[in-house]
Amino acid sequence: MSEISIEKNRRRSSADDMAKLQKEISVSEFFAQNRHLLGFDNPRKALLTTVKEAVDNSLDACEEAGILPEIWVHIEQTGKDKYKVGVQDNGPGIIKKQIPLIFGKLLYGSKFHRLRMSRGQQGIGISAAGMYGLLTTGKPIKVMSKVSQRKPIHYYVIRMDTKSNRPDILNGNGEGEDIPANDDGRKIIEKQEIEWTEVNHGTRVIIEIEAKYQRGRGSVDEYLEQTAIANPHITVHYSDPDGNTQHFDRVVDLLPPEPKEIKPHPLGIELGRLAHMMHESNETSLLRFLTESFSKVSPSIAKQICAAAGINSKTTPQKIPRSEVEKLFYVVQETHFPLPSTDCIVPIGEEQLLKGLHKVVPGQFFATATRPPAVYRGNPFQIEVGLAYGGAPASHRVSLQVLEEMLSESDARTLRQFLMSTFDGLGMDAADKIIKSARLRPRVSPKNIEPKELTRLHESLQSLNLSEGQTMNVYRYANRVPLQFQAGACLITQTVQNLNWRSYGLNQTRGQLPRGAVTVIVHLASVWVPFTSESKEAIAAYPEIQKELRLALQAVGRKFGMFMKRRDKVKQEAERRSIFLRYLGEVANAISRINKFERDTLLNMLTDLARQKTVVADVKLGENGKPVDDEILTDKNDFGKNVIINDQTTKTEIPTTDITSA
Ligand SMILES: Nc1ncnc2c1ncn2[C@@H]1O[C@H](COP(=O)(O)OP(=O)(O)OP(=O)(O)O)[C@@H](O)[C@H]1O
Ligand SMILES: [Mg+2]
């Protein structure tokens, strides 16, 4: 008994033993171990994340330099589960000495320490992709960059040393190489088999990684398509591993306005940060520190704060003791400041969003709405929403060849699972309907489908009307970047689900996405996007953001509801008219027999009357959503700006000749 208790209480290691094991962990070791935090949790997602980090950087760099972005994305299979990703841009390029640090060191970048709207913010994205490539294939990252037409291309082969989080340069005796901008240079490029698309300035990154290429939801193809919607000013050339090439051409030739950098707003500041800022400050007085370090602090507000905290405004900030910093902090919390200025956020814009949406999602009705800027935790943000209705589902657009490739790429266990996970908005009911009409079994494995069955499946996919079985598609964006994972954890999805779409004419089970052929796009633009994790996939639930989301969704919802009501009314009246017309011939015959009134004249009069009574059936809605013919405008409500309505098929013509012969 006593032996056991002695055993229980035995010291297993001493503080000295433990001290031997305690040592620093480098960021790169940490993230190599926790690669899922950065979006490298499985080979399929790793491919997407790599492309995304490179493309997002390219777009940021082009826009910051005021260049209309043109991007080349090339994915090539190099072995079983191995792919080479090449992304090039026509951006400003990167100067020689910065290249190794940017691509070979985690947490190195230009965006973290500033409050300015951009796609990247953490300084980790592209070097993490390079590190993942190195860990999984052993291949270093290759970078080429050129800053002007006559300057050489700086060419680097870089391997990150994960122990020290430092770059090792493998070419040019550890110095990198310069490839001259002339015929000699072109020969070197050809000889060394370096890929480079001729541009005056720009950067190309090549990373080889362990990955899996699979189309459908959450794929690179989807990312590029959705990026094109929210960035109508970019051109992308995409070669996929199957050798297909796609081009997304820009629909607007103007860059979005340049977002301004702002200083932090005092209301967002935390005590520790305030203390740190004061300690690091070079200002000579507290007054100047307050006015220069924060936005919206005028000298008079600063004086007020100093007085309320009982600190002389001329004191040097570094010399103020901690207890007084705390006092200062509480006074700041109680002070009333003007809201942050909002010229630091650049929304896509209602018109541009409408154009982008119309281009990629076909349909009958489109509306967009942008909310005025608002603030969370001191950070300005803005919400915009677009809605498209009536488009054919993605399953209608797939070709036989692509379907075959998708089936072979898929790791879904059953056909039903394949359909639901591949096509946006395709729910279980719709999947079952397709499978039934193709005379297949829902549980058959996608890999075991025979060629004949494949043709039947393709026909069903193309021909079935799935509007009832479809669920609303929600495209989420943060600073123009599509968010493709963790939909359930994202505030955007949650807000869409919790809105009552029944009042706008859609079927919906409470708390779920509504049904119908509807696509909703939601964009959050902010100087700092509150992601739930480093992999930047879902937006955290700040109440201020939720409120704005709800208001924006309601704004497009109301317009959509009006459209649905009006469309139903036109349809109803058309049906009423066709019933009238069916019997008018008979009525005219009978009456003319009774009172000898000329039958044809009578029929014309009756037809005119029917036409007048069902005049709404003739309402045709124009481009702006208003009825084209104002005289028969029965509903004075206007859809407002930024609505597109495509020609409707509900209109019925009066077939006069048929009736007279009846
Ligand atoms: N194609 C490019 N052209 C010019 N500069 C680039 C390019 N790619 C990266 N950079 C520079 O390298 C820095 C680091 O890029 P990285 O992707 O690692 O971080 P980030 O974009 O700042 O933030 P995040 O981790 O959120 O992506 C960027 O901040 C930018 O200054
Ligand atoms: Mg980045």
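## Legends to close-up views

**Helices H19 and H20 cross in a right-handed manner.** In this predicted model, helix H19 covers residues 491-498 and helix H20 covers residues 543-595, and their axes come within 10 Å of each other while crossing at roughly 50°. On the side of H19, the residues that make the contact are Leu491, Ile492, Thr495 and Val496, and on the side of H20 they are Ile545, Gln546, Leu549, Arg550 and Leu553. Sorted by class, the contact of H19 with H20 comprises six nonpolar residues, two polar residues and one charged residue.

**Helices H11 and H12 pack at an angle of about 125°.** Helix H11 spans residues 299-309 and helix H12 spans residues 322-334, with 9 Å between the two axes. This angle makes H11 oblique to H12, and the crossing by which H11 passes H12 is right-handed. From H11, the residues Ile305, Ala308 and Ala309 take part, and they meet Glu324, Lys327, Leu328, Val331 and Val332 of H12. Six nonpolar and two charged residues, but no polar ones, make up the contact of H11 with H12.

**The shell around ligand 1 is formed by 20 residues.** Among these residues, the ones that come nearest to ligand 1 are Asn57, Ala61, Gly109, Gly120 and Gly125. Two elements, helix H4 (43-64) and helix H6 (125-137), each give two or more residues to this shell, and H4 provides the largest share, with four residues. In terms of residue class, the shell around ligand 1 contains 12 polar, five nonpolar and three charged residues.

**Lys96 sits in the loop between strand E2 (82-89) and helix H5 (99-104).** Is Lys96 buried, exposed or partly exposed? Lys96 has 16 C-beta neighbours inside 10 Å and therefore counts as partly exposed. When residues up to four places away in sequence are left out, Lys96 touches His154 and Gly176. Lys96 and Gln512, by contrast, are separated by 416 residues in sequence and by 52 Å in space, taken from C-alpha to C-alpha.

**Arg439 and Lys596 each have a positive phi.** Most residues other than glycine have a negative phi. For Arg439, which is not a glycine, phi is near 55°, and Arg439 is placed in the loop between helix H17 (428-437) and helix H18 (451-463). Because 10 other C-beta atoms lie within 10 Å of its own, Arg439 is exposed. For Lys596, which is likewise not a glycine, phi is about 65°, and Lys596 is placed in the loop between H20 and helix H21 (599-613). Lys596 is also exposed, because 8 other C-beta atoms lie within 10 Å.

The protein has 662 residues, and buried residues make up 41% of them. Considering the contacts between residues at least 6 apart in sequence, 70% join residues that are at least 24 apart.

Definitions and conventions. Residues are numbered from 1 along each chain as its sequence is written. Chains are lettered from A and ligands numbered from 1 in the order in which they are written. This is a predicted model: local features need pLDDT of at least 70, side-chain atom pairs count only at pLDDT 80 or more; totals for chains, interfaces and linings use all residues. A residue is near a molecule or strand if its C-beta atom, placed from the backbone, lies within 6 Å of it. Ala, Val, Leu, Ile, Met, Phe, Trp, Tyr, Cys and Pro count as nonpolar, Asp, Glu, Lys and Arg as charged, and the others, Gly among them, as polar. Axes are lines fitted to C-alpha atoms, for helices over the stretch in contact, and angles run from 0 to 180 degrees between N-to-C directions. A crossing is left-handed if the near helix is turned anticlockwise from the far one by less than a right angle, and right-handed if clockwise. Two residues are in contact if their C-beta atoms, placed from the backbone, lie within 7 Å. A residue is buried if 20 or more other C-beta atoms lie within 10 Å of its own, exposed if 12 or fewer, and partly exposed in between; C-beta atoms are placed from the backbone. Angles under 35 degrees count as roughly parallel, over 145 as roughly antiparallel, 65 to 115 as roughly perpendicular and the rest as oblique.
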